[in-house]
Amino acid sequence: MRAAVVLTTVVIAALLLQTTLLPLTSIGRATPDLLLIICVYLGLHQHTVAGAMGAFVLGYLQDAFSGSVVGLNAFGMSLVFTLVYLTSQRLWVDNAISKVVVVFLASVLKTGAILVLIAVFLSAGNLWQTVVQYLLIEAALAAVLSPAVFALLTLTQRVAVAEEE
Amino acid sequence: MLEFVRRNRVGLTSGLLLLISLLLFSAGSRTARRIDPLGGVVLDGMRPLQSITAAVIDAVSGAWQTYVALVGVHQENERLRRRIVELEQEAVRLSEVEQTDKRLEALLNLRSGFDGDLQSAQIIGRDPLPWFSTVIINKGEADGVHKNAAVLSPLGVVGQIMTAGAHSARVLLITDHNSGVDAVVQRSRARGIVEGALDGGCVMKYLKRGEDVEVGDRIVTSGLDGIFPKGIMVGEVTRVMRGNRGLLQVAEVKPAVRLDRIEEVLVARGSVQLKDVLP
């Protein structure tokens, strides 16, 4: 229970940063997706129904704060969680470098999935060109920040579990 | 069945949530109205935290920008100060160049007005004692400058070479009490000797009492001393003194040349004459 509370606090903090500070420090239009990093963490370490629902909620929170159609980021996050979950069950992705690579690929995957949905369901014109322009930069930024976020999440989870015990 | 669901509950849950998100998206994309059942609640819940976070970021950002701006302004200020100093020095240098150019052009014009050989020279030193009027020039015997040679400027007589070394020479100015220039009043042709006075000016002596000399008369060289060419401006009469008795009169003469200001001179090498002698 305490671990869930700690994780929720981290999510709220990441959401605050995502909507206040990070847009000010963006490179062009590219900002690192902290919630995506948390979603990948869930996919790697929280192989539970709660983890899956947590990924959905992360996506839904992004939809709530953005101008996109509701469900777009929820779909992206759920997809990322699913694939990371399945990959972690078959491949060893427990060292720092492979986690960074997973975050990078997850960012590309999520953006790609969103672009497909937009192309299929919406007439967004040349939006995809703008998105693709910053796709790799965003993925790189997320990959760079992921070790710090993972370390924070791991630490908070350990503290919470230790206190619970 | 239940065992299957239990073993794959995570995957099934993920798949279900994917489907739900797709349905939400599909429904939302078909209508202009935003379908967001919990969005309002989430936004209201986060609003206080967002407000506080944004305020803190604004305060820090503002303070940082003020600091950076001030540092930038300070640096810009220093850079502009240095630039001002550089420009002022450049302005002084250019003004000096302009003045030198004018003087040298006058000197060149003077040289072109003479028949004979003239050597230009720069004044590089002045007499440290107040009772003597001499200057040092940067030309000497090696440049054809010899003792007793006439030293001239565009405005008139300067003096004569007192001593000459290999590469420099000392000039006895006409304001020195040891100097003497054979001269005439340009208007009346009254003849006398212009000598230096201790007050930095000159006096014209040995003028006959009956000679016509007035304040304002121009004094020019007579050419009879064999040193200075004829017709070169010496100065202007500022006062005439005739005693109650005696055969002679004395005239105070203000030199035509500002001897304390000149920087370049011409030295006669051998005999020189004006092309157009002053009447």
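Modeller: Two strands are said to pair if DSSP finds at least two bridges between them. Helices (H or I, at least four residues) and strands (E, at least two) are themselves DSSP runs, numbered from the N terminus. The model is predicted: local features need pLDDT of at least 70 and side-chain atom pairs count only at pLDDT 80 or more, whereas totals for chains, interfaces and linings use all residues. Residues are numbered from 1 along each chain as its sequence is written, and chains are lettered from A and ligands numbered from 1 in the order in which they are written.

Biologist: How many bridges join strand β1 to strand β12 of chain B?

Modeller: Strand β1 covers residues 114-126 of chain B and strand β12 covers residues 264-274. The number of bridges joining the two strands is eight.

Biologist: What closed arrangement do six strands of chain B form?

Modeller: Strands of a sheet pair through backbone hydrogen bonds, either parallel or antiparallel. Here the order is β1-β2-β5-β4-β3-β12; the twist from one strand to the next averages 45° (axes are lines fitted to C-alpha atoms, and angles run from 0 to 180 degrees between N-to-C directions). In one of the pairs, three bridges link β1(B) to strand β2 (residues 134-137), with B:Gly125 opposite B:Ile136. With its antiparallel pairing, the arrangement is a closed barrel.

Biologist: Which residue of β10(B) is the bridge partner of B:Arg218?

Modeller: Strand β9 (residues 218-221) of chain B is joined by three bridges to strand β6 (residues 180-185), and the two run antiparallel; there B:Ala183 stands opposite B:Thr221. Three bridges also join β9(B) to strand β10 (residues 233-242), again antiparallel. In β10(B), the partner of B:Arg218 is B:Glu236.

Biologist: Is B:Met241 buried or exposed?

Modeller: B:Met241 lies in strand β10 of chain B. Beyond its neighbours within four places in sequence, B:Met241 is in contact (C-beta atoms, placed from the backbone, within 7 Å) with B:Gln249 and B:Val250. A residue is buried if 20 or more other C-beta atoms lie within 10 Å of its own, exposed if 12 or fewer, and partly exposed in between. Because B:Met241 has 11 C-beta neighbours inside 10 Å, it counts as exposed.

Biologist: How many helices are there in chain A?

Modeller: Chain A contains zero strands, and from the N terminus its elements run α-α-α-α-α-α. The secondary structure of chain B, by contrast, comes to three helices and twelve strands. The number of helices in chain A is six.

Biologist: How many charged residues lie on the side of chain A that touches chain B?

Modeller: In this interface, 29 residues of chain A are in contact with 25 residues of chain B. The largest share of the chain A side, eight residues, comes from α4(A). Ala, Val, Leu, Ile, Met, Phe, Trp, Tyr, Cys and Pro count as nonpolar, Asp, Glu, Lys and Arg as charged, and the others, Gly among them, as polar. On that basis the side of chain A has 21 nonpolar residues and eight polar ones, while the number of charged residues is none.

Technical notes
Two residues are in contact if their C-beta atoms, placed from the backbone, lie within 7 Å.
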